[in-house]
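User: I have a structure to go through. Can you walk me through it?

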Number of protein chains: 2
Amino acid sequence: MDREATLHDVAGKVGVSPRTVSRVVNDEGGYSEETRRKVMEAVEELHYRPNMVARALITKRSGTVGLVGGDMTDPFFPALAEGIQQRARGAGQTMFFASTGSDPERQAEVLRSFWVRAVDGVIVFPALDSIDQLTDYGERGLPIVVVDDFLEAPNVACVSFDLEGGGGLAAKHLLKRGCQQMGVISATVSPPRRRHRERGFLRTLADIRGDHRPPAMAQTDPTVKGGEAGLAQLLAQMPDLDGVFAYNDLVAIGAVRAAVASGRRVPEDIAVVGCDDIEMSSYVTPALTTIRLDRSRLSAEAVAALSDLIGSPGAQRETVVLPVELVVRESA
Amino acid sequence: MDREATLHDVAGKVGVSPRTVSRVVNDEGGYSEETRRKVMEAVEELHYRPNMVARALITKRSGTVGLVGGDMTDPFFPALAEGIQQRARGAGQTMFFASTGSDPERQAEVLRSFWVRAVDGVIVFPALDSIDQLTDYGERGLPIVVVDDFLEAPNVACVSFDLEGGGGLAAKHLLKRGCQQMGVISATVSPPRRRHRERGFLRTLADIRGDHRPPAMAQTDPTVKGGEAGLAQLLAQMPDLDGVFAYNDLVAIGAVRAAVASGRRVPEDIAVVGCDDIEMSSYVTPALTTIRLDRSRLSAEAVAALSDLIGSPGAQRETVVLPVELVVRESA
DNA sequence: CTGAAAGCGCTTACAG
DNA sequence: CTGAAAGCGCTTACAG
C-alpha cells in the first residue's frame with residue numbers, strides 16, 4: 001500500500017521538471033520526441049495516474065457529472081440512468097447519482113453535495129416545486145439539463161417528451177375504439193404545471209367530440225397499487241367507465257388488475273392506455289397498449305445538451321421535445 | 001456568477017485567521033463561544049460552503065463512494081442501487097455510479113476513474129473473472145465490498161445471498177409438486193464459480209432422490225428472451241420436462257412464455273421457479289413462484305460493511321451470507 | 001484560545 | 001524546448 005506516484009516522482013525519475021511531465025501527460029506539445037518517450041516510459045513504470053482531485057482544484061473541472069433522479073425504483077428510470085451513464089462515460093465523465101424522491105429539500109441537499117464536489121454539470125428530473133432552486137444554480141454557473149419540465153435560465157437546457165402529443169394519441173385511440181365514458185389517472189408527484197399528458201388528452205377529447213361528458217379524474221401514487229386505487233376512484237365517479245388513460249404503465253397495470261378484480265373485462269368492458277412503455281408492459285396479461293417514450297433517445301439528447309452547456313458557459317440552448325408513439329397491444 | 005466564498009473570505013470578514021475558521025467549521029473545538037458565533041455568522045452571510053475538492057486533496061477522503069454494477073436495466077438492480085444510495089447519503093457520502101456490463105475491462109476503467117477521484121470505498125457487483133483486479137485494489141488500500149462472490153484480501157468484505165440454500169428450496173418445492181423431469185437454466189454472465197443456486201438445486205435433488213435422472217441444463221442471457229431460448233434448449237434435451245429452475249425471474253418469465261407458446265400449461269405441465277422476486281413477478285400471469293432475495297437487507301449490509309472497512313483500514317471483515325425465502329405463487 | 005508556515009498534487013502565467 | 005515560481009482552498013503540524 002505504497003503511495004501513488006506523483007508528477008514530481010515521474011519528473012525525478014526522468015530528470016526533468018514536473019512542468020515538462022505535465023506537458024507530456026496533457027498532450028500540450030512543446031517538448032522533443034525524446035523527452036516525450038522518456039516521460040511516458042517513466043509514467044508506465046511508476047504506474048503514474050494523474051490525481052483528478054488536484055487537477056480539479058485548479059481547473060474547476062472535475063470530469064464528473066451528476067444525475068439527480070426521482071426514484072430509481074420507478075421502472076422508467078433505470079434504462080435512462082444506464083444510457084446517461086454510458087454516454088457520459090464515453091465522453092470521459094464519471095457520474096454521480098442521487099435520487100430525491102421528488103422532495104425539494106432532498107434535491108437541495110443533493111445539488112449542494114454535487115456542487116461542493118465541483119461537478120461539471122447535472123442532469124435533473126426535478127422534484128416538486130424546485131424551479132427556483134434550479135434557476136439559482138444555473139445563475140451561479142452550474143450547467144443543468146432539466147428533464148420533463150421547462151424553465152428559462154442561464155446555463156439551463158430543457159429536454160422532454162411530447163407528452164401533450166402522447167395524451168392526444170391516447171384520446172384518439174380510445175375514441176376510435178368507441179369508448180364513451182373516459183377517465184384519467186394522474187400522479188400526485190406530478191405538479192399541475194407538468195400535467196402535459198393529461199392536458200393533451202383532455203384537449204383532444206374536447207376538440208374531437210366537444211367538451212360534454214367530461215372525463216372522470218383521479219389522482220394517485222405512480223405505482224401498481226396507486227393504479228388499483230385510481231381505478232376505484234374513477235369507478236366511484238363514473239360507474240359505466242369504459243376507457244382509461246393512466247399516468248404511466250405501472251398505474252395502467254394496477255388499473256387493469258382492479259378492473260379485472262371488479263369482474264370487468266379488459267379491453268372489452270374497460271380499455272386502458274398506459275404511458276412509458278416499460279419492459280414489463282409487453283409481458284403482463286393483457287399486454288399493455290401504451291405511449292412509448294424512447295429513453296435511449298432522451299439519454300442521448302440530455303448528455304449532448306449537457307456537453308454543449310459545459311462547453312459554452314452561460315449559453316442558452318434550445319429546448320428539445322422528443323416525439324412519442326402509440327404502441328397498440330391488447331389492453332386497448 | 002461570482003466566485004464562491006473561501007475560508008479566507010470568511011476569515012477576512014470576521015478578522016481572524018483562516019485556521020480559526022477551519023476550526024469552527026470542522027467543530028474541532030479550541031475557540032471561544034464568541035469567536036464561534038461570529039464565524040458562523042460570516043459563514044451564513046457569505047454562504048460559505050467548504051470546498052470538498054480542496055479538503056480531499058489533503059485528507060485523502062472525498063466523502064464519496066462508488067457503486068459498480070453490472071447493468072442498471074437488470075430489474076434486480078435498481079432497488080439495490082436506490083437502497084445503497086440512500087444509506088450512503090444518510091452517512092454523508094455522495095455516490096458515484098457506473099455499470100460494467102460484466103466486462104472486466106470496463107470494470108477496470110471504472111475502478112480507475114473512481115480511484116483517481118479519491119473515492120473512499122466501492123461496492124461492486126463483480127464482472128466476469130475480475131477477482132485479481134479487485135484483490136489488487138484492495139491491496140493498494142481501497143475499501144471494497146464485493147457482492148455475490150467470495151474473495152479474501154485486505155480491505156475487502158464479501159456480502160451475498162444464500163443462493164445455494166435458495167436452489168435447495170426450489171428443488172424441494174418442485175419435488176413436492178411431483179415434478180420428475182427437471183431442467184435448470186443458467187446465465188452466461190454467471191461464471192462457474194458463482195453458480196451457487198444451480199449447485200444447491202442439483203445437490204438437493206441428488207440428496208433427496210439420488211442422482212439418477214440428471215436434470216437438463218441450459219445457458220442463456222439473463223433476460224426474458226434468454227428464458228424463452230433457454231426453455232427451448234431444455235425441451236430439446238428433455239421433451240417431457242415438467243419442472244424448471246430459472247436463473248432469475250426475467251428468465252423464468254421467458255420460460256413460462258415459451259412453455260405456453262408451445263401449447264403447455266404452467267404450472268400443470270411445466271412448473272417454473274424463478275429467483276430474485278422482482279416487482280414484475282407478482283404481476284405476470286401466472287404469477288411467479290420464486291426465491292425472494294431481500295434487497296433492502298443487502299443494501300444495508302453492504303453499506304455497513306463498507307463503513308467498517310473505511311473506518312478501520314486494512315481490516316478483514318467476516319463474510320455476510322443473507323438468508324433467502326421461497327415465495328409460492330402460481331407458476332409452481 | 002489563536003495564528004504563521006508548509007504542503008496536498010497539480011496547472012497557470014511567465015521567463016528564458 | 002524547458003523550468004522556477006505562485007497558487008487552487010483547504011488541513012496539518014507546530015509555536016505561542
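Analyst: First a term: two residues are in contact if their C-beta atoms, placed from the backbone, lie within 7 Å. This is a predicted model, where local features need pLDDT of at least 70, side-chain atom pairs count only at pLDDT 80 or more, and totals for chains, interfaces and linings use all residues. Residues are numbered from 1 along each chain as its sequence is written, while chains are lettered from A and ligands numbered from 1 in the order in which they are written.

User: How many residues of chain B are in contact with chain A?

Analyst: In chain B, 38 residues contact 39 residues of chain A. Helix 4 (52-59), helix 5 (77-90), strand 2 (94-99) and helix 7 (131-140) of chain B each supply at least two residues of that side. Helices (H or I, at least four residues) and strands (E, at least two) are DSSP runs, numbered from the N terminus.

User: New topic. Which residues are closest to DNA strand D?

Analyst: The closest are A:Ser17, A:Tyr31, B:Leu7, B:Ser22 and B:Ala54, out of 23 residues that surround DNA strand D. Near means a C-beta atom, placed from the backbone, within 6 Å of the strand.

User: And which helix gives the most there?

Analyst: Helix 4 of chain B, with five residues.

User: What does strand 4 of chain A pair with?

Analyst: Strand 4 of chain A pairs with strand 5 (residues 156-161) of chain A, parallel, over four bridges. Pairing requires at least two bridges found by DSSP. A:Val147 stands opposite A:Val159 in strand 5 of chain A. Three bridges also join strand 3 (residues 121-124) of chain A to strand 4 of chain A, again parallel.
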